[in-house]
Amino acid sequence: AVQESTAPEPDSEFEEDVIQYLSNKGYECVPQVEEGPFRIDIGIRNPNDSSQYLLGIECDGASYHSSFLKRAEDLVRQNSLENSGWVIHRIWSSDWFENPHKEIEKIEEKIDQLKKQN
């Protein structure tokens, strides 16, 4: 019998691409991090303390843009996560597919800021 992995998998190719880019840059990425009733698409572990996450990344696809209700729910969700100590960074799929290097640069700038604060 094949052993089933219990580790969460990325939700989409978009998330897989982001994880691949960040992993290649040396960041430890964890897909689908549970936080209370929520899941964060990608958690980046703190390089100085791997028991903590430095940044949460939400990957928003094209269908997200057209759904007011989805955006409203995510705003509530993001506020809740930030109140429990998370720093959340959003990547829009349209921006990612247009220029992934620019999006990775934004994430790295955010990580550098957060590492200075910790």
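The protein chain has five helices and four strands (DSSP runs numbered from the N terminus, with helices being H or I of at least four residues and strands E of at least two). From the N terminus on, the order is α-β-β-β-α-α-β-α-α.

A word on the ground rules: residues are numbered from 1 along each chain as its sequence is written. In this predicted model, local features need pLDDT of at least 70, side-chain atom pairs count only at pLDDT 80 or more, totals for chains, interfaces and linings use all residues, and side-chain values use heavy atoms, with hydrogens and water left out.

**The sheet**

- The four strands make an open sheet in the order β1-β2-β3-β4, with mixed pairing; two strands pair if DSSP finds at least two bridges between them.
- At the edges sit β1 (29-35) and β4 (88-92), each of which pairs on one side only.
- Neighbouring strands here are turned by 45° against each other on average, direction ignored.
- Strand β3 (residues 49-60) runs parallel to β4, and five bridges join the two.
- Helix α3 (residues 68-83) packs on the sheet and touches β1, β2 (38-46), β3 and β4, where contact means heavy atoms within 4.5 Å.
- The direction of α3 makes about 40° with that of β2; axes are lines fitted to C-alpha atoms, for helices over the stretch in contact, and angles run from 0 to 180 degrees between N-to-C directions.
- Four of the five residues of β4 are buried, so this strand is largely enclosed by the rest of the structure (buried is under 20% relative accessible area, exposed is over 50%, and partly exposed is in between, using a 1.4 Å probe and protein chains only).

**The aromatic rings**

- There are four aromatic pairs in the structure; rings of Phe, Tyr and Trp (its six-membered ring) pair if their centres lie within 6.5 Å, and planes under 30 degrees apart count as stacked, over 60 as edge-to-face and the rest as tilted.
- Phe 14 and Trp 96 have ring centres 6.2 Å apart and planes at 45°, so their pair is tilted.
- That pair links distant parts of the chain, with Phe 14 in helix α1 (residues 13-24) and Trp 96 in helix α4 (residues 93-98), 82 residues apart.
- Phe 14 is buried at a relative accessible area of 8%, and Trp 96 is buried too, at 2%.
- Tyr 21 and Trp 96 form an edge-to-face pair, 5.1 Å centre to centre with 80° between the planes.
- Because Tyr 21 lies in helix α1 and Trp 96 in helix α4, this pair ties together parts 75 residues apart in sequence.
- Tyr 21 counts as partly exposed, at 29% relative accessibility.
- Phe 14, Tyr 21, Trp 96 and Phe 97 form one aromatic cluster.

**The chain overall**

- Of the 118 residues in the protein chain, 37% are buried.
- Among contacts between residues at least 6 apart in sequence, 51% join residues at least 24 apart.
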